[in-house]
Amino acid sequence: MSSAPPPPSSPPARPVPKLDAENRAFWTGGAEGKLNITQCGDCGQFTHPPRILCRHCQSENVAPAAVAGTGVIDTMTVNHQPWAPGLEVPFVIARVALDGVPGVYLTTNVVNSPVDEVSFGDKVRVTFEQQGDIYYPLFEKAN
Amino acid sequence: MAREAYITGVGQSEVGVRLPRHPLLLTVDAVNVALADAGLTLDQIDGVFSFPGKAQGYLAFSPVGTDDLIEVLGIKSKWQMGAMEQPAQLSAIAMAAWAVKEGICRHVICFRTVYEAGGMANPAEYMPLQQKTTSGSSQWTSPFWATSAACWVAQYAARHVHKYGMTREQLAQIAINGSKNALLNPNARAITKEELTLDKYMSARMISTPLCLYDCDRFSDASTVIIVSAGDALDEVKATPIRIAASSGSVDRYSWDQVEWSAAYDAGPDLWKNTDYTVKDVDTVQFYDGFAFLPITWLEGLGFVEKGEGHKFIEGGTRIARDGELPLNTAGGQLGAGRLHGFGFAHEAVTQLRGAAGERQIPGDPKVAVATSGGGPMAAALLLARD
């Protein structure tokens, strides 16, 4: 029990999603600058969280599609609780409605702006944060 | 009466924070209180239902399963159920009601045991959830440090702030009301020691806007037991039976962040589908308040007020006080009486309908109550009546 806590200057690593057939394109698409959302080749609708079949028509003809990567803040909270040692607070957790992807929302962080300058309805665009194999889709204000 | 189901016994163990007593023993304590309350003995029990069953990967969350109770209490069980994949906590009681209505069981023990405070103090035996990797539904939130359900519920609550003008002073009434009632609840003494004032609430540290520290329930150690009996077995019971007049549940999607409105707005209207009772008949409500915003969704979802009006209804706290028009969370709720995880609301509804709530008894000979559980995309509600 004598191991020292990490110094405050080293923020904790983000939890790492376990990659599988369903989620790989989403979590690694940022390597090519792509925000991949699973789309049905038959009905054209999107399924998120990604699955190996379309949640609208149950077709197995689904594949990751690179979407615009822009959206609007649908709802948000300013989180003040450090959920891990060394986590810097406050920061914005937001639910972003993606442009061109009706019915799909992403929980994410809105970064690169002071928390009090982020609000409902703000236009945002994706910016990826790499950590190992994972490219976390964060968002920043678009203007 | 054969096709009716009644709550005939309620029991609760000691409720505390970091209790040394083993959670299996807390569960047996609560069973014994409930059996004595009902006037039943173990050999009359023939079913055991729970939520969410023993959580092997996160024992502190649910350290006792239905198998454990059947084993140590020598219950000859005809049917049992302990599963996470239910609309929400109280659906275990709804399903027990179906079992007795179907004639499968006569007297069923339903229980919920939590050991989240004691478990944190004993990580060797109650391994905490680790944060380094994530899979399943949590992968869509935890990588962004939306680690707790507080961050998820906060986003529903923030919409009420933005769209309907809900203020912190209005939201505060849930926790303030809970603390007042908890002070009159002997089982809440370890959780609430003084009344929460508006000043103290307003100066509390923020967790995730608009939810502050007092808007979040507190890890507790306890077991709550509800005994459900068949309508044609009431002559074996000594306590005043409370009828499960209706139940409802809803899961639209399991993803917290893909639904715009919580499941209370679906399960709420459904509660009135199979009963002649209406919201006007309800004498008290026991609404899940793991986070303070959730009772507002139940007020709106069940139709006590229009969507977007719940925070106005609770303003000032007089309507939801024990002597108000709709007494809410009269035992303190989870904010005041500990994170009993859903079953406390059924326990208190029955206690009030029997007129057995002592100092905190609401006036007016209450006959009809609603108890709810869940938040976000899952919800379950019970309509309870002394008729």
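Modeller: Buried area is the accessible area that two parts lose on being put together, summed over both. The model discussed here is predicted.

Biologist: How much area do chain B and chain A bury between them?

Modeller: The size of an interface is often given as the accessible area lost when the parts come together. Carbon and sulfur atoms carry 56% of the area buried by this pair. The total for chain B and chain A is about 3100 Å².

Biologist: Which residues in chain B lose the most area to chain A?

Modeller: On the side of chain B, three residues together account for 28% of what that side buries. They are Trp140(B), Phe144(B) and Trp145(B).

Biologist: How many residues of chain A are in contact with chain B?

Modeller: Contact requires heavy atoms within 4.5 Å. By that criterion, chain B contributes 33 residues. The number on the side of chain A is 40.

Biologist: Which residue of chain B forms a salt bridge with Asp74(A)?

Modeller: The count between the two chains is 1 salt bridge. A salt bridge needs a side-chain nitrogen of Lys or Arg within 4 Å of a carboxyl oxygen of Asp or Glu. With the closest N and O atoms 2.9 Å apart, the partner of Asp74(A) is Arg159(B).

Biologist: What percentage of the residues in chain A is buried?

Modeller: Buried means under 20% relative accessible area. Of the 143 residues in chain A, the share that is buried is 42%.

Definitions and conventions:
Residues are numbered from 1 along each chain as its sequence is written. Chains are lettered from A and ligands numbered from 1 in the order in which they are written. This is a predicted model: local features need pLDDT of at least 70, side-chain atom pairs count only at pLDDT 80 or more; totals for chains, interfaces and linings use all residues. Side-chain values use heavy atoms; hydrogens and water are left out. Buried means under 20% relative accessible area, exposed over 50%, partly exposed in between (1.4 Å probe, protein chains only). Buried area is the accessible area (1.4 Å probe) that two parts lose on being put together, summed over both.
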